[in-house]
Amino acid sequence: MPREELDERIAREEFRRPRESLLNICTEFYKHCGPRLKILQNVAGEPRVTALELLDIKSHMRLAEIAHALLKLAPYDTLTMESRGLRRYIMEMLPITDWSSEAVRPALILILKRLDRMFNKIHKMPTLRRQVEWEAASSLIEGLCLTLQRQPIISFLPHLRSLINVCVNLVMGVVGPSSVADGLPLLHLSPYLSPPLPFSTAVVRLVALQIQALKEDFPLSHVISPFTNQERREGMLLNLAALKVVLVCFERSLGNQCTG
């Protein structure tokens with residue numbers, strides 16, 4: 001291995017490890033101590049005790065900044081995308097944090113903005129798209145699904161809508177207008193440019209949860225409106241429907257296995 005490449009790998013490792021460990025430890029603490037604190041609050045029954053929070057606003061923001069730093073590196077480094085601490089923070093800590101508080105919400109907005117930019121880069125750069133660890137990327141989307149499912153209030157954040165739009169473009173294999181392949185039918189593009197099924201399934205679920213949360217404020221027409229070509233619209237609806245059918249069948253098969 002060339003010396004420069006080795007030095008770069010070491011530098012990335014030194015950058016990633018402490019941040020990953022901190023996110024992992026904090027998520028573990030927040031996940032297990034949160035329920036315990038509620039029990040203690042109920043037992044104590046004192047206003048002074050019930051006002052306690054596991055993490056203050058600055059701590060939430062600092063953790064978001066650490067996750068933000070890892071997400072900036074993630075598209076270019078597979079190990080960072082697969083980082084256990086980053087994935088646990090988004091999949092386990094974000095869903096159980098109370099985002100109804102406007103004081104804490106900037107931390108979530110920071111994460112959403114970075115995810116939006118990250119997937120935008122992946123969408124625009126074929127080289128990044130080929131090297132992305134899609135299973136790990138799907139975990140990040142699943143974390144947002146869990147957060148949106150538990151706290152529909154975040155559905156109004158504009159950065160979430162923007163993220164959904166770019167993820168839908170990724171799933172549908174849509175390329176930029178400057179691409180040579182832009183004139184081809186969408187269904188011809190999808191098999192070559194679309195991510196694997198786990199990521200596509202996570203995106204479909206995120207779209208469904210957003211529609212469910214916003215109802216008439218986010219109809220399905222908003223999802224397909226960027227596609228002016230009729231064939232692309234039909235192709236998108238067909239692909240989304242097919243992915244949804246696969247998801248429902250998969251969930252039913254799991255249910256049958258559990259009851260069997």
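I began with helix H8, where Trp134, Ala136, Ala137, Ser138, Ser139, Leu140, Ile141, Gly143, Leu144, Cys145, Thr147 and Leu148 are buried. Buried means under 20% relative accessible area, exposed over 50%, partly exposed in between (1.4 Å probe, protein chains only).

The model is predicted: local features need pLDDT of at least 70, side-chain atom pairs count only at pLDDT 80 or more, and totals for chains, interfaces and linings use all residues. Residues are numbered from 1 along each chain as its sequence is written, and side-chain values use heavy atoms, with hydrogens and water left out.

I then took H8 as a whole. Mostly covered, H8 has 12 of its 17 residues buried. Helices are DSSP runs of H or I, at least four residues, numbered from the N terminus. H8 covers residues 134–150 and reaches 24 Å from first C-alpha to last, close to the 24 Å expected. The expected span is 1.5 Å times one less than the number of residues.

Next, aromatic rings. I found 2 aromatic pairs in the structure. Phe119 and Phe199 form a tilted one, 5.5 Å centre to centre with 45° between the planes. Phe119 lies in helix H6 (residues 105–124) and Phe199 in helix H11 (residues 197–214), so the pair ties together parts 80 residues apart in sequence. Rings of Phe, Tyr and Trp (its six-membered ring) pair if their centres lie within 6.5 Å; planes under 30 degrees apart are stacked, over 60 edge-to-face, the rest tilted. Phe119 is buried, at 0% relative accessible area. Phe199 is buried too, at 0%. Ring pairs link Phe119, Trp134 and Phe199 into a cluster.

Key: Helix = DSSP H or I, 4+ residues; strand = E, 2+ residues; numbered from the N terminus.
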